[in-house]
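Hello,

I am handing over the structure we spoke about. Please look at it first; my notes on what was found follow below.

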Amino acid sequence: MRLVDEDGQQIGITSLPEALNFAQARGLDLVEVADKTDPPVCRIMDYGKFKYEAAQRAKESRKKATNVSVKEMKYRPKIGRGDFATKTRQVERFLEEGNKVKVTVMFRGREAHYPELGEQIMNDIAEAVEHLAKVEFQPRQDGKNMVMVLAPDRKAQARRRRMESAGDSSGDVSGDDVSGDGDGDAISGETDMVTEETESAASSL
């Protein structure tokens, strides 16, 4: 086998008994790390520590992994403006949380003969959330329903945050320019005083 020490340095080709003696002399374990190679590779290490570090890396990877779930929001073809706004705000919240959203327009009776009503609602929703999402699955008829899938658009959300940040900065500057302060009032008062004194002098003449 090819033996590697605890520092990653190659020791060379050795027999199994020699490798075991080498590991035991260091108070460590002999672990086969590549059994498909010829000869196989074994490494001297603290196996308990190795398992612990591997478990920690796996735990961190799971934390970083994004768990994307699919939420659903249902609309009716003749939905009122208030209900449409309320439902669409909820869609926005789902998207901001990183979820995909399945939008469903439910048709009843003869409403199914007017798919353009559903398409219009879908278009309105997509337009309302375009700063947060992209259409991953275009609207299509699914039995008596019409469905569309929205997915979070990270680039669009980043652009929105930059624009909002820029807007806040502009608002601060604008506020400084237009905010009233004592200096402005004093100047206005002095101007009135000069005008009154001038008029008084003119009257005495």
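Which residue forms a salt bridge with Arg 76? The partner is Glu 111, and the closest N and O atoms are 2.9 Å apart. The two sit in distant parts of the chain, 35 residues apart: Arg 76 is in the loop between β5 and α3, Glu 111 in the loop between β6 and α4. Arg 76 is partly exposed at 25% relative accessible area, whereas Glu 111 counts as buried at 14%.

Please keep in mind that this is a predicted model. The chain has six helices and eight strands, and buried residues make up 23% of its 205 residues.

The structure holds three salt bridges. Another one joins Arg 26 and Glu 6, with 3.5 Å between the closest N and O atoms. Arg 26 lies in the loop between α1 and β3 and Glu 6 in the loop between β1 and β2, so this pair ties together parts 20 residues apart in sequence. Lys 100 and Glu 136 also meet in a salt bridge, at 3.1 Å from N to O. Here the link runs from strand β6 to strand β7, across 36 residues.

Regards

Conventions
Residues numbered from 1 in each chain as written. Predicted model: local features only at pLDDT ≥ 70, side-chain atom pairs only at ≥ 80, totals over all residues. Heavy atoms only, no water. Helix = DSSP H or I, 4+ residues; strand = E, 2+ residues; numbered from the N terminus. Buried < 20%, exposed > 50% of the residue type's maximum accessible area, 1.4 Å probe, protein only. Salt bridge = Lys/Arg side-chain N within 4 Å of Asp/Glu carboxyl O.
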